[in-house]
Amino acid sequence: MIVLGIETSCDETAAALVDDQRRILANVVLSQIEDHAPYGGVVPEVAARAHLAHLDGIIRQALAEAGLGLDAVDGIAVTAGPGLIGGVAVGVMTAKGIAAARGLPFLGVNHLEGHALTARLTDGIEFPYLLLLVSGGHCQLLCVDGVGRYRRWGTTIDDAVGEAFDKVAKMLGLGHPGGPLVEAAARGGDPRRFALPRPMIGRPDCNFSFSGLKTAVRRAVAGLPQPLAAQDVADLCAGFQDSVAASLADRAKRAIAMFHVEHSGNGAFVVAGGVAANQMLRARLSAVAEAAGMRFIAPPLKLCTDNGAMIAWAGLERLRLGLVDGLDCAPRPRWPL
Ligand code: KG4
Ligand code: ZN
C-alpha cells in the first residue's frame with residue numbers, strides 16, 4: 001500500500017510517498033522562508049499564493065524521486081487543518097482533484113495527528129505511548145491510545161513553545177524562524193547570567209506557559225545597552241532555552257508518572273513537532289525518560305519539522321482502518337486533536 005501525502009498548512013510546500021512497510025519512497029519539502037523573510041514572520045496570503053505556485057511541481061518531483069506514477073498510489077492524504085486556511089485550502093483542493101480524477105480514496109488528515117504518528121513511521125512503536133508535541137502552534141502532552149484516539153493531559157495556557165522561540169528571536173534581531181537561530185546563538189552563551197523564570201515548575205497538572213518567560217526576556221533586553229552585544233544575545237538565548245528545557249522536563253516528568261500509573265512502565269516517551277529538532281531539548285527530555293526507565297524516541301530532524309511523509313503516514317494508518325473521508329471534507333483553520 002502506497003500513500004501520497006501533501007502538506008501546505010504553514011510555510012512549507014511538501015509532498016511525500018510512503019508505503020505500509022514504513023518506507024519513505026520520496027519526501028520533498030520546499031521552504032518558503034525566503035518569501036517571508038522581509039516581513040519577519042509568515043504572511044498567510046503570501047504563503048497561500050506560494051503553495052498554489054509550487055505544489056503541482058513538488059508532487060511531480062516526489063513521484064519522480066520515488067520512480068512512481070499515480071497509478072501506483074493507493075490513497076491521497078492531505079493536511080485538512082489546523083493551519084493557515086489559504087494554504088490548507090490549496091492542499092485540500094489539489095488532493096481532492098487528484099483523488100477524484102483517479103478514483104482514489106481521499107484522506108483529510110489532522111496536521112497534529114501527522115506529528116503524533118511519526119514515531120510509528122520511524123520506529124514502528126506500538127500504542128499506547130506518551131507524546132510531547134512541541135511546534136510553532138502547539139505545546140501539548142498527549143496519551144496516544146490509537147489512531148484517532150488521543151487524550152490531552154496538558155496544553156499551553158498561553159503561547160506555544162515554538163512561538164516563544166520565534167518571538168524571542170525577533171526581539172533579539174535574529175530573524176525567522178527563531179528556533180534554530182536561538183539554539184545556535186545559545187551555544188556560545190551562559191545560561192546563568194540572567195535570572196529568568198522557569199514556568200509552571202512543580203504545578204500538579206501537565207500544562208505549560210511561556211508568555212511570562214517571553215516577557216522576562218523582553219525586560220532583560222530593555223535593561224541592556226542597545227544595540228545588543230553578541231554576548232548579550234548569546235547569554236539571553238542560553239538562559240531562555242535553559243528555562244524552556246527545565247519547564248518541559250518538569251512537565252514531562254509529571255506526565256510520565258501519570259503514564260506509569262496506567263501502563264506500569266511499558267510504552268515509550270515520544271517528542272514530535274518542529275521544536276523537537278532542538279538538540280539541547282532532546283538531550284534534556286531523553287534524560288528525563290531514561291531516569292524514569294522509559295524508552296525515548298525523537299524522530300530524525302527533517303521529520304520533526306513539517307513534511308509530507310508524516311501526512312502520508314497518518315493517511316496510510318487511517319486508510320488501513322477504512323477511515324476514508326468524503327470529498328465534502330472541509331479545510332479547517334482550527335482542529336484540536
Ligand atoms: O512543526 P513545525 O515545523 O510547524 C508547526 O506545525 O508549527 O514547527 C515550527 C516551529 C517554529 O516555531 C520553529 O521556530 C520551531 O518549530 N523550531 C525550533 C527548532 N527548529 C524549529 N525550535 C527550537 N529549536 C529548534 N532547533
Ligand atoms: Zn507542524
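Me: Helices (H or I, at least four residues) and strands (E, at least two) are DSSP runs, numbered from the N terminus. In which helix does Gly-179 lie?

Reply: Gly-179 belongs to helix H6, residues 178–186. Please note that this is a predicted model, in which local features need pLDDT of at least 70 and side-chain atom pairs count only at pLDDT 80 or more, while totals for chains, interfaces and linings use all residues. Residues are numbered from 1 along each chain as its sequence is written, and chains are lettered from A and ligands numbered from 1 in the order in which they are written.

Me: How is burial judged, and is Gly-179 buried or exposed?

Reply: A residue is buried if 20 or more other C-beta atoms, placed from the backbone, lie within 10 Å of its own, exposed if 12 or fewer, and partly exposed in between. Gly-179 is buried, because 26 other C-beta atoms lie within 10 Å. Gly-137, in the loop between strand S6 (129–134) and strand S7 (139–146), is partly exposed, because it has 19 C-beta neighbours inside 10 Å.

Me: Which residues are in contact with Gly-179?

Reply: Contact requires that the C-beta atoms of two residues, placed from the backbone, lie within 7 Å. Leaving aside neighbours within four places in sequence, the partners of Gly-179 include Gly-162, Asp-166, Gly-274 and Asn-278.

Me: What does UniProt record at Gly-179?

Reply: UniProt positions follow the numbering used here, feature names are shortened, and annotations may be inferred rather than shown by experiment. An unreviewed UniProt entry places the feature "binding site" at a set of positions, among them Gly-136, Gly-137, Asp-166, Gly-179 and Asn-278.

Me: How many residues surround ligand 1, and which are closest?

Reply: A residue is near a molecule or strand if its C-beta atom, placed from the backbone, lies within 6 Å of it. Ligand 1 is surrounded by 19 residues, the closest being Gly-136, Gly-162, Gly-179, Gly-274 and Asn-278. Helix H6 gives the largest share of this shell, four residues. In classing residues, Ala, Val, Leu, Ile, Met, Phe, Trp, Tyr, Cys and Pro count as nonpolar, Asp, Glu, Lys and Arg as charged, and the others, Gly among them, as polar. The shell around ligand 1 divides into six nonpolar, ten polar and three charged residues.

Me: Which other positions carry the "binding site" annotation?

Reply: The unreviewed UniProt entry also assigns "binding site" to His-111, His-115 and Asp-306. These positions span 196 residues of sequence, yet they cluster in space, with a largest C-alpha distance of 8.9 Å. His-115 lies in helix H4 and is buried, with 31 other C-beta atoms within 10 Å. Asp-306 occupies the loop between H10 and H11 and is also buried, with 27 other C-beta atoms within 10 Å. Not counting residues up to four places away in sequence, His-115 touches Leu-133, Ser-135, Ala-272, Gly-273 and Met-310. With sequence neighbours within four places left aside, the contacts of Asp-306 include Glu-7, Cys-10 and Gly-274.
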